[in-house]
Amino acid sequence: MSRIVVLGGAESGVGAAVLAKVKGFDVFLSDNGKIKEEYAKMLEKWKIPFEQGGHTPEKVLSADEIIKSPGIPDTAPMVQELIRKGTHIISEIEFAARYDSARKICITGSNGKTTTTSLIYYLLQNAGLNVGLGGNIGKSYALQVATEKHDYYVLEISSFQLDNCYDFRPDIAIITNITPDHLDRYGYNLENYVRAKFRITRNLRSEDCFIFDSDDAITIAHLDKIVLKARTLPFSQKEELSRGAFLKDDKIVIRYEENESSIYLKELALGGRHNVYNSMAAALAAKATGIDDATIRNSLKTFKAIEHRLEPVLSVGGVLYINDSKATNVDAAWYALDAQTKPVVWIVGGTDKGNDYSELAGLVKEKVKAIVCLGVDNKKIHDAFEPIVGAEKMVDTLSAEEAVKASAAFAQAGDVVLLSPCCASFDLFHCYEERGEKFKEAVRRL
């Protein structure tokens, strides 16, 4: 019996362990930290042995294969030992796909992937298809393969998950865009990050489909370097395309094979330039899946915005508070600021991932009246924006409650307070979701 060891005891790792158990492997799970009670109970329910608070080398190094959770970097000491030993290390996505014959629509990118994934899932549900949602969103893909049966999966996949994929193949692969992000994990080398994202295309066949943003210079530059067998479906807001999706006369036009359909921008449920791109990608994926135009149009009209992504919270004293905690890089914050039409008090900060804030200077000058820093080390943010808004219009805070109170002091009726942090959350919060929840709680207490 082959021995599989899973590193990491959260959603991804526990799901992979359950699938390994179902498939008859000798499975063991090891977590260097504390495992949440809900996950420990699931492991006990499935009678899967595990450890937490540290790795026992002889238990881990005896594995025939390792399933590594995406949050664990290759630089972790135990991972380094496994690499030296030559043990095969894969991701949950790679492992689960071995046992899944469903059609897979897989989305990666620096920004927009959660919204695009959620949109596509909504479209497929509205079309009456038996579809699962997983990857970096919702329930573990591996757990669903172990315990459920779906004809389709819509999977949001991060670069970290793709790093340990080798034979994994989507039927439809989507790259929403690529901007500098997670460079701390990729040796501060953008090309390493780009190659990680493009792993989603490595096994595509001629009958498969690749959907991409043809306005995105980084995507196009890398696309020119590789040989791709799949059919390509670009989307653009800058030019008319012979196939794909583009803007014309205030409409999104979708050209797919012999068919052409359209929807007016004013009909879209989601506003903002970034959501036009997301809607284009989702519509193309739906067309490639065989969904009819009426269902696509109706779904794009009725979709509800996802939590923590430009989510209106409350209007207090004529000031609208918006939770965009999921904006963890410069490009996401750029789109959030670009979408605002009223004066902005901007809450920004956290764990910097190699950000270049100069790209935001023009928007900050045009739209931002004050900046509230929410983070432990805000020096780069002060250096970038003090010359624009002035030192007296910038303040440092160490909690969501403090940040909201400081923002309320700067804001006047008719303004927007925008939490769009541009950074990871790990200096003050466990995750971007916790940051967003704490922000919303603080707003409700005003």
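The model is predicted, so local features need pLDDT of at least 70 and side-chain atom pairs count only at pLDDT 80 or more, while totals for chains, interfaces and linings use all residues. Residues are numbered from 1 along each chain as its sequence is written, and side-chain values use heavy atoms, with hydrogens and water left out.

Helices (H or I, at least four residues) and strands (E, at least two) are DSSP runs numbered from the N terminus. From β10, C209, I211 and D213 point one way and F210 and F212 the other, and all are buried. In a regular strand the side chains alternate between the two faces of the sheet.

Two strands pair if DSSP finds at least two bridges between them. Strand β9 (residues 172–175) runs parallel to β10 and is joined to it by four bridges, with I172 standing opposite C209. Strand β11 (residues 231–236) is also parallel to β10, through five bridges, and here P234 in β11 is the bridge partner of F212. Between β10 and β11 the chain passes through helix α10 (residues 217–223), in a β-α-β crossover that is right-handed, a term for a path from the first strand over the helix to the second that runs clockwise with the strands pointing away from the viewer.

The largest nonpolar core has 49 residues, of which Y141, F168 and F210 touch the most other members; such a core is a set of buried Ala, Val, Leu, Ile, Met, Phe, Trp, Tyr and Cys residues joined through side-chain atoms within 4.5 Å. Helix α1 (residues 11–22) supplies the largest share of this core, six residues. Another core, of 38 residues, lies apart from it and has I107, L233, M280 and I306 among its members. In soluble globular proteins, nonpolar side chains tend to be buried together.

Ten aromatic pairs are found in a search of the whole structure, where rings of Phe, Tyr and Trp (its six-membered ring) pair if their centres lie within 6.5 Å, and planes under 30 degrees apart count as stacked, over 60 as edge-to-face and the rest as tilted. Two of the pairs are set out here.

| Pair | Centre to centre | Angle between planes | Geometry |
|---|---|---|---|
| F95 and Y99 | 5.4 Å | 70 degrees | edge-to-face |
| Y141 and Y153 | 5.0 Å | 75 degrees | edge-to-face |

F95 is buried, with a relative accessible area of 0%, whereas Y99 is partly exposed at 30% relative accessibility; ring pairs link these two residues and F25 into a cluster. Y141 and Y153 are both buried. Because Y141 lies in helix α7 (residues 141–147) and Y153 in strand β8 (residues 152–156), their pair ties together parts that are twelve residues apart in sequence. Not counting residues up to four places away in sequence, Y141 touches residues including E92, I93, D100, K104 and L155, contact being heavy atoms within 4.5 Å.

S91 lies in the loop between β5 (88–90) and α5 (92–97) and counts as buried at 2% relative accessibility. With residues up to four places away in sequence left aside, S91 touches I67, K68, Q161, N164 and C165.

Notes:
Buried < 20%, exposed > 50% of the residue type's maximum accessible area, 1.4 Å probe, protein only.
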